Amino acid sequence: MNDKIDIIVAGVNRKDEKIWGDFYDRFYAALCVYVSKILPVPDAVEDLVQEVFISVWEGKRTFSDIKELTNYLYRACYNNTLLYIRNNQIHDTILSSLAEEESMVDEDTIYALTVKEEIIRQLYCYIEELPAEQRRIILMRIEGHTWEEIAERLEISINTVKTQKTRSYKFLRERLGDSIHSIILFYFSKNKKNILILLCLFID
């Protein structure tokens, strides 16, 4: 996975059209989700995100790694959204909440916060790649069911559940990678559901 990430960053830096599709697929949906949570104007969300991609394509800036690139994308979306809100005189409470959020976090925290949609998107995409039985087991575990409950509901043995669990965890760990693991540990410490995801995939 890290090799693919490095290829995407290098492709973005040299404006490689073949890599651009992977770059777009990796970030576009997550950025739209991010902007839509700030801006209650659905029609404007995609335009704002598109503008950021255009600025990367037309600009001369290069990126040293995926963290710098990701931070740039989310920061640019944030700034574009803020400008849109101000230019269109959208309710002041939105600006106040954005200003409060901005004052509470440093650069590393901003990075961790802004990639949360990307992490969750990747996680569920990889879960969809699992064989059907493994996928059902993992999704039921994320919903909060115990291994015994899963075995009972699926009418399979507990040993089968644990075997499929082990295979699933190995696959998901390999796909998510160490860098994503670190971000999950940092960000999801205060969210009960996401703590369960973390426990399921990295501790359980």
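Which residues in H8 meet which residues in H9? I began with this pair. On the H8 side I listed Arg136, Ile137, Met140 and Arg141, and on the H9 side Trp147, Ile150, Arg153 and Leu154. By class, I noted five nonpolar, no polar and three charged residues in this contact. I am working from a predicted model.

**Entry: geometry of H8 and H9**

I looked up the packing of helix H8 (residues 132-142) against helix H9 (residues 147-154) and found an angle of about 135 degrees, with the axes 10 Å apart. The two helices are therefore oblique to each other. I recorded the crossing of H8 with H9 as right-handed.

I then checked burial along H8. Gln134, Ile137, Ile138, Met140, Arg141 and Ile142 are buried. Of these I had already met Ile137, Met140 and Arg141 in the contact with H9. After H8 comes Gly144, and I noted its positive phi, near 110 degrees.

**Entry: the chain as a whole**

I counted 11 helices and zero strands in the protein chain. Read from the N terminus, the elements run α-α-α-α-α-α-α-α-α-α-α. The chain has 204 residues, of which 42% count as buried. For contacts with a separation of 6 or more, I noted that 67% are between residues 24 or more positions apart.

**Entry: cores**

Which residues touch the most other members of the largest nonpolar core? I found Phe23 and Leu69, in a core of 33 residues. Helix H1 (2-13), helix H2 (17-38), H3 and H4 each supply at least two residues of this core. H2 gives the largest share, 11 residues.

I followed Leu69 further. Leaving out residues up to four places away in sequence, Leu69 touches Val9, Val12, Phe23, Phe27 and Phe63. I also noted a second, separate core, which has 16 residues, among them Ile127, Ala151, Val161 and Leu176.

**Entry: H4 and its partners**

I took H2 with H4 next. These helices pack at an angle of about 40 degrees, with axes 10 Å apart, and H2 passes H4 in a right-handed crossing. From H2 I listed Phe23, Arg26, Phe27, Ala30, Leu31, Tyr34, Val35 and Ile38. They meet Ile66, Leu69, Thr70, Leu73, Tyr74, Cys77, Tyr78, Thr81 and Ile85 in H4. The residues of this contact divide into 14 nonpolar, two polar and one charged.

Then I looked at helix H3 (residues 42-58) with helix H4 (residues 66-87). Here the angle is about 130 degrees and the axes are 9 Å apart. H3 and H4 are therefore oblique to each other, and their crossing is right-handed. Ala44, Leu48, Val49, Glu51, Val52, Ser55 and Val56 in H3 meet Tyr72, Leu73, Ala76, Cys77, Asn80, Thr81 and Tyr84 in H4. By class I have 10 nonpolar, three polar and one charged residues for the contact of H3 with H4.

**Entry: Thr81**

**Entry: loop residues**

Lys15 is in the loop between H1 and H2. Its phi is positive, about 55 degrees, although Lys15 is not a glycine. Most residues other than glycine have a negative phi. Lys15 is partly exposed, at a relative accessible area of 23%.

Glu155 is in the loop between H9 and helix H10 (158-187). Glu155 also has a positive phi, near 60 degrees. I found Glu155 exposed, with a relative accessible area of 73%.

Pro131 lies in the loop between helix H7 (116-129) and H8. At a relative accessible area of 47%, Pro131 is partly exposed. How far apart are Pro131 and Ser168 in sequence and in space? I noted 37 residues in sequence and 8.8 Å from C-alpha to C-alpha.

Notes: Residues numbered from 1 in each chain as written. Predicted model: local features only at pLDDT ≥ 70, side-chain atom pairs only at ≥ 80, totals over all residues. Heavy atoms only, no water. Axes fitted to C-alpha atoms, helices over the stretch in contact; angles between N-to-C directions. Helix = DSSP H or I, 4+ residues; strand = E, 2+ residues; numbered from the N terminus. Parallel < 35°, antiparallel > 145°, perpendicular 65-115°, else oblique. Left-handed = near helix turned anticlockwise from the far one by under 90°. Contact = heavy atoms within 4.5 Å. Nonpolar A, V, L, I, M, F, W, Y, C, P; charged D, E, K, R; others polar. Core = buried A, V, L, I, M, F, W, Y, C linked by side-chain atoms within 4.5 Å. Buried < 20%, exposed > 50% of the residue type's maximum accessible area, 1.4 Å probe, protein only.
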